[in-house]
Amino acid sequence: MITRQRLAAGVCALLAALAAGIAFPGGAVADETEQAAPKVELVLDVSGSMRARDIDGGSRMAAAKQAFNEVLDATPQEVRLGIRTLGANYRGDDRKEGCKDTAQLYPVGPLNRTDAKTAVATLQPTGWTPIGPALLKAADDLNGGTGTRRIVLISDGEDTCQPLDPCQVAREIAAKGIGLTIDTLGLVPDAKTRDQLSCIADATGGTYTDVRHKEELSDRVGQLVDRAADPVVTPVATEGAAQCAQAPTLKSGLFTDREEFGQQRWYKVDVDPGKELRASVSVADDRAVNPDYGVLLRAVTVHGREIVRGEAAGDGRTDVISTGLRYPKPETDDDTATAETVCLQVTNSFSAAAGVKTTPGLPLELTVDVVDGPSDHHDVASFGLGRGWWLLGALVLAGFVAGLLWGWLSRWRVSVWRTN
């Protein structure tokens, strides 16, 4: 009887497992893992100028190949890595054809180090420098999924495919709100190359690095690939409104938006009694702007009454300006009390320099956090001194003890004087 019961239980377990396999096929699990995996695409300039022999006695191309081989050996297992080239195939003089010369050398996905190294070994400096078209294609290569996405661009010269401005391309990629970061490295760059690559990186919140030695290139590319594997909070793209009534309602989190020069954007947050709203905003000038600018963050009621504000001003020395505010909503004994809708207004006073495009708008990052409000017994604002009360108490006690000792010592000295 026991044997039959065990056999029946085993059959039931087997059927359950098969049913689970049908309901949740293995491909679905793999897809979820793939979506969450960080993705990186290395975009390498293979234009004719990469033949120059000015990096530690060797060519720029040789330094790039060595760096790629070292990075491929050290790439974390969870990173999905791909390689795209620009200027690697077309050898002619037709500019129109040369500006189409970008191709995916190794697809973004699980890394086969041997295949990737073999592909890199075949590269020879060849053609033009279509940075803008390569960035557009690289963004498509990384499209989809929820993990970190990063482009690492290595180039030794300016884009040769104007009027498709690569800096404008980077701004358009950032404006899509897909959380893609572009880091750039300039191989023995001149001033114009440095400016262009810096602009590309700034537009997406990335970094720019000058490179003049092999070790610098290997180390920096390796750091950027490793950084993609670090856990990060991915901002959520949102779109503020021109008025509070039409504004999106936000929960606690990190949000990105675009704001035109001198424009205002509105967002709404619901704050329950006994909670505290904490909000901060950062606006970046990802292009040339006039000095003397500012950003204002206001919390107002739905009827337009200002509750609290935060503001900051800049003079052109920094490319990001930030401010924040806090609004604690008192608790109430009324059980029927509901959440208060607080309107957040973000206004900037940036103005574009002459000849600079004003679209897309400036990148805006908004942090919203609704937390438990301060306790009546422990709130710093309730007492004014916060933990300073402990210091004040200690000083009072020390003064009292010192007074007793001084009084006793004075009486002893008077007693001795009378005796003598």
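## Basis of the model

The structure is a predicted model, in which local features need pLDDT of at least 70 and side-chain atom pairs count only at pLDDT 80 or more, whereas totals for chains, interfaces and linings use all residues. Residues are numbered from 1 along each chain as its sequence is written, and side-chain values use heavy atoms, with hydrogens and water left out.

## Overall composition

The chain contains 11 helices and 15 strands. These elements are DSSP runs numbered from the N terminus, with helices (H or I) of at least four residues and strands (E) of at least two. Of the 420 residues, 40% count as buried; buried means under 20% relative accessible area, exposed over 50%, and partly exposed in between, with a 1.4 Å probe and protein chains only.

Contacts are defined by heavy atoms within 4.5 Å. Among contacts in the chain between residues at least 6 apart in sequence, 74% join residues at least 24 apart.

Two strands are taken as paired if DSSP finds at least two bridges between them. Strand β1 runs parallel to β4, joined by 6 bridges, and also parallel to β2 (residues 80-86), joined by 7 bridges. Glutamate 41 has isoleucine 151 as its bridge partner in β4 and stands opposite glycine 82 in β2.

## The five-stranded open sheet

An open sheet of 5 strands has the order β7-β8-β15-β10-β13, and its pairing is mixed. The edges are formed by β7 (236-237) and β13 (320-328); each has a single partner strand, so one side of each is left without a neighbour in the sheet.

Within this sheet, β8 (residues 253-259) pairs with β15 (residues 362-372) in the antiparallel sense over 7 bridges. Glutamate 259 has leucine 362 as its bridge partner in β15.

Helix α8 comprises the 13 residues 191-203, which should span 18 Å at 1.5 Å a residue; the end C-alpha atoms are 18 Å apart, which agrees. The expected span is 1.5 Å times one less than the number of residues. Aspartate 190 caps the N-terminal end of α8, where one of its side-chain oxygens lies 3.3 Å from the backbone nitrogen of lysine 192. Just after the helix, glycine 205 adopts a positive phi of about 75 degrees. The buried residues of α8 are Thr193, Gln196, Leu197, Ser198, Cys199, Ile200, Ala201 and Ala203, and their cover includes α6 (131-141), β4 (149-155), α7 (166-175), β5 (180-187), β6 (208-211) and β8.

Glutamine 196, in α8, is buried with a relative accessible area of 11%. A polar atom of its side chain lies 2.9 Å from the backbone nitrogen of aspartate 159. Leaving aside neighbours within four places in sequence, glutamine 196 is in contact with Ile131, Glu158, Asp159, Gln162 and Pro166.

Glutamate 158 lies in the loop between β4 and α7 and is partly exposed at 34% relative accessibility. Not counting residues up to four places away in sequence, glutamate 158 touches Thr129, Ile131, Lys192, Thr193 and Gln196. Its C-alpha atom is separated by 9.8 Å from that of glycine 186, 28 residues apart along the chain.

Alanine 229 is found in helix α9 (residues 214-229) and is partly exposed, with a relative accessible area of 22%. Beyond its neighbours within four places in sequence, alanine 229 is in contact with Pro38, Pro76, Glu78 and Val79.

## The largest pocket

The largest pocket is lined by 41 residues, of which Thr204, Gly205, Pro235, Thr256 and Glu365 lie nearest its centre. On a 1 Å grid over the protein atoms alone, a pocket is an open set of points where a 1.4 Å probe fits, with protein on both sides within 12 Å along at least five of seven lines; lining residues have an atom within 4 Å of a point.

At least two lining residues each come from β4, α7, β5, α8, β8, β10 (275-284) and β15. Strand β8 gives the most, with 4 residues.

Note on methods:
Polar contact = N/O pair within 3.5 Å; in protein donor to acceptor, adjacent residues only side chain to side chain.
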